[in-house]
Amino acid sequence: MLFIDTLCVTGHRQDKLWVYDMNEKHYQALKEIIKSIIISYGVRRVYVGMALGIDQLFAQACVEIKLTGRPLELIAAIPCQNQECKWNKDSQNYYRYLLSMCDQKILVTDAPYKPYLMQIRNKFMVDNSDAVLAIWDGSSGGTGNCVGYAEDKIKPIIRIEPSKINVA
Amino acid sequence: MLFIDALCVVGHKPDKLWGYDIAEPHYDVLKEIVKSVITSYGIKRVYVGMELGAGQLCAQACVDLKLTGLQLELIAAIPCQNHSCKWPESAQNYYNYLLAMCDQKILVSDAPYNTYLMQVRNQYIIDNSDATLAIWDGYADETADCVEYTAGKLKPIIRLEPKKIIVQPVFDAGILNEKVFVTED
């Protein structure tokens with residue numbers, strides 16, 4: 001038996017995944033896998049960074065679980081002021097919808113956008129979680145750094161390699 | 001809070017770690033980290049493959065914990081007949097000692113030694129565990145195959161990277177002691 005109280009997610013933006021349209025079937029297949037992980041490991045609290053791509057897919061999976069009536073505390077760890085200011089209108093609207101579904105919103109830093117703040121946000125989430133879900137192709141970058149940090153903290157990592165997501 | 005019922009251990013043989021002398025101080029540092037993983041995650045059952053290197057080190061960590069009175073089921077998953085027959089006598093004796101300390105011994109395959117049986121054994125211990133502890137340098141080999149197999153089963157991996165295990169000599173109370181350290185780079 002495995003029980004994970006608090007899980008956080010790290011993963012790529014769309015450019016390292018499939019297409020930009022999150023309705024694409026790989027994203028939908030991955031979302032179902034994420035839901036099954038949350039449910040089968042009894043996860044009760046999740047931290048998500050709310051970036052485009054995996055973060056928002058994960059948040060959406062959590063929202064769908066919450067809508068079934070299952071208790072799940074969804075916590076947005078927002079890296080900085082105006083994370084969404086350069087996104088297009090649709091993305092901003094969707095981001096605000098997801099935020100409105102969160103049980104808690106934490107502004108990790110109060111500074112304006114800077115790439116290194118994403119890493120501070122990642123460390124914050126890892127430090128506050130029991131385990132990390134990494135949707136990671138193995139390349140170096142923000143996700144790779146986050147996995148390395150979790151390893152240093154001796155936290156369990158559930159890794160999903162995007163290339164192994166099959167849509168039959 | 002995290003609770004892992006059954007953990008399995010995979011990792012390198014001594015040639016990719018710090019050599020065949022288990023008195024080498026890095027092994028002791030690693031063993032203490034393994035013990036802290038087992039106690040802090042409330043692990044109740046550990047599957048080890050009993051190979052030289054990481055496998056036996058983790059078995060020893062479990063034996064140490066059992067001797068403190070911790071309730072811990074240590075299960076040896078023996079890959080094949082005569083697993084130890086090519087080892088030197090001292091290694092065979094140590095292997096037999098560790099086996100004697102196991103709560104259960106499972107002969108995963110009844111065939112004589114064959115390299116691919118190690119992989120069968122590894123998959124067996126991963127399948128029977130909730131999470132995998134991987135002592136892994138990151139390069140492609142049997143340990144990497146285990147990490148990949150675990151990931152494919154959507155099971156958590158706790159990875160310890162050998163090069164991050166640091167033995168730090170410190171001057172303490174007038175004598176030079178080895179002190180336990182893990183650093184982040």
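**Exercise 1. Find which side chain of chain A meets B:Lys164 in a salt bridge, and state where the two residues lie.**

Step 1. B:Lys164 and A:Asp152 form a salt bridge through their side chains, at 2.8 Å from N to O. A salt bridge here is a side-chain nitrogen of Lys or Arg within 4 Å of a carboxyl oxygen of Asp or Glu.

Step 2. B:Lys164 sits in the loop between strand 7 (157-160) and strand 8 (165-172) of chain B, and A:Asp152 sits in helix 5 of chain A, so the pair joins two chains. Helices (H or I, at least four residues) and strands (E, at least two) are DSSP runs, numbered from the N terminus.

Step 3. B:Lys164 is buried, at a relative accessible area of 11%. A:Asp152 is buried as well, at 19%. Buried means under 20% relative accessible area, exposed over 50%, and partly exposed in between (1.4 Å probe, protein chains only).

Step 4. Salt bridges with shared partners connect A:Glu151, A:Asp152, B:Arg159, B:Glu161, B:Lys163 and B:Lys164 in one network.

The model is predicted: local features need pLDDT of at least 70 and side-chain atom pairs count only at pLDDT 80 or more, while totals for chains, interfaces and linings use all residues. Residues are numbered from 1 along each chain as its sequence is written, chains are lettered from A and ligands numbered from 1 in the order in which they are written, and side-chain values use heavy atoms, with hydrogens and water left out.

**Exercise 2. Describe the contact of chain A and chain B by residues, area and polar pairs.**

Step 1. Chain A gives 22 residues to the contact and chain B gives 22 residues. Contact means heavy atoms within 4.5 Å.

Step 2. The two chains bury about 2,000 Å² between them, with 56% of it on carbon and sulfur atoms. Buried area is the accessible area (1.4 Å probe) that two parts lose on being put together, summed over both.

Step 3. Of the area that chain A buries against chain B, 29% comes from A:Met1, A:Asp152 and A:Ile154, more than from any other three residues.

Step 4. Three salt bridges cross the interface of chain A and chain B. A:Lys164 and B:Glu148 meet through their side chains in a salt bridge of 2.7 Å, N to O.

Step 5. Eleven residue pairs are in polar contact between chain A and chain B, both residues at pLDDT 80 or more. A polar contact is a pair of N or O atoms within 3.5 Å; within protein, one must be able to donate a hydrogen and the other to accept it, and residues adjacent in sequence count only if both atoms are side-chain atoms.

Step 6. On the side of chain A that touches chain B, two or more residues each come from strand 1 (2-4), helix 1 (25-40), helix 5 (142-152) and strand 7 (157-160) of chain A. Strand 7 of chain A gives the most, with four residues.

**Exercise 3. How much of helix 5 of chain A is buried, and what covers its buried residues?**

Step 1. Nine of the eleven residues of helix 5 of chain A are buried. Among them are A:Cys146, A:Val147 and A:Tyr149.

Step 2. The cover includes strand 2 (6-11), helix 4 (115-127), strand 6 (131-135) and strand 7 of chain A, together with strand 7 of chain B.

Step 3. A:Thr143 belongs to this helix and is buried, at 7% relative accessibility. Apart from neighbours within four places in sequence, A:Thr143 is in contact with A:Thr10, A:Gly11, A:His12, A:Ile135 and A:Trp136.

Step 4. A polar atom of the A:Thr143 side chain lies 3.3 Å from the backbone oxygen of A:Gly11.

Step 5. Just after helix 5 of chain A, A:Ile154 has a positive phi of about 55 degrees.

**Exercise 4. Identify the residues with the most contacts inside the largest nonpolar core.**

Step 1. The largest nonpolar core has 83 residues, and A:Phe58 and A:Leu133 have the most contacts inside it. A nonpolar core is a set of buried Ala, Val, Leu, Ile, Met, Phe, Trp, Tyr and Cys residues joined through side-chain atoms within 4.5 Å.

Step 2. Setting aside neighbours within four places in sequence, the contacts of A:Phe58 include A:Leu7, A:Val9, A:Ile34 and A:Leu133.

Step 3. A second, separate core has 16 residues, including B:Ile75 and B:Ile106.
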